[in-house]
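Visitor: I have a model open and would like to learn how to read it. Could you walk me through it?

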Amino acid sequence: EIQFPQSMTSIPPYTLYACTSLEHLDLPPALTNISHECFYACFSLKSISIPETVTSIGTLAFRGNIAMEKFFIPKNVATLGDEIICGNPLDPYTGDCFRVDGVRQTAEMSKMKSVFIDRETPPSCTGSNKSPFMRVLKDNVCLFVPIGAVDAYNAIPAYADHFKGIYEFGAGVVNVMDITDS
């Protein structure tokens with residue numbers, strides 16, 4: 001378990017890089033920025049609560065977190081770095097796969113099924129590849145966006161090309177729970 005100071009506004013790069021025993025994380029309510037690679041390869045991380053105050057998520061911030069089934073991006077997040085979640089757990093510096101308790105981690109081990117972005121206007125994509133979801137296992141993961149926002153997300157390859165489908169969530173939408181819950 002880790003508790004950040006409630007007044008913390010930014011999480012520095014590499015803060016919990018490859019912290020393999022962390023399972024749940026509540027981020028501080030004053031947080032506005034999640035820096036690059038701060039939760040990279042936290043293989044046991046199943047859930048994270050990102051506060052509404054966050055406006056940016058950096059490159060590789062949650063990449064390789066294969067235990068998460070759902071990832072929620074709050075409505076005030078305006079920018080996303082490259083490869084923010086799941087997918088290939090290769091160490092970007094050595095090219096080797098991370099090992100957890102002697103087990104080689106592979107992209108196929110990812111449990112990610114759903115990404116929710118609670119923002120009508122798609123967050124801008126920063127970084128050299130401009131693709132926050134380029135390593136998402138496309139055949140396994142659906143993107144859910146607010147009612148009326150599907151066309152806006154489908155118009156941007158960084159979103160449209162990396163998910164099984166883009167669907168609406170919110171009041172009046174039927175069967176969202178059937179689609180996302182196992």
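**Reading the sheet**

Guide: Let's start with the open sheet of five strands, which runs in the order β1-β3-β5-β7-β11 with parallel pairing. Its edge strands are β1 (10-11) and β11 (124-125), each pairing on one side only. Strands here are DSSP runs (E, at least two residues), helices are DSSP runs too (H or I, at least four residues), and both are numbered from the N terminus. Two strands pair if DSSP finds at least two bridges between them. This is a predicted model: local features need pLDDT of at least 70, side-chain atom pairs count only at pLDDT 80 or more, and totals for chains, interfaces and linings use all residues. Residues are numbered from 1 along each chain as its sequence is written, and side-chain values use heavy atoms, leaving out hydrogens and water.

Visitor: What holds strands together in general, and over how many bridges do β5 and β7 pair?

Guide: Strands of a sheet pair through backbone hydrogen bonds, either parallel or antiparallel. Here β5 (residues 56-57) and β7 (residues 79-80) pair in the parallel sense, over two bridges.

Visitor: Is S56 buried or exposed?

Guide: Buried means under 20% relative accessible area, exposed over 50%, and partly exposed in between (1.4 Å probe, protein chains only). S56 comes out at 16%, so it is buried. For contacts, look for heavy atoms within 4.5 Å. Leaving aside neighbours within four places in sequence, S56 touches T32, N33, I34, V77 and T79. With N33 there is also a side-chain polar contact of 2.7 Å. That term means a pair of N or O atoms within 3.5 Å; within protein, one must be able to donate a hydrogen and the other to accept it, and residues adjacent in sequence count only if both atoms are side-chain atoms.

Visitor: Where is A158, and what is it in contact with?

Guide: A158 is in helix α2 (residues 157-160), and counts as buried at 8% relative accessibility. Beyond its neighbours within four places in sequence, A158 is in contact with C125, K130, S131, P132 and F133.
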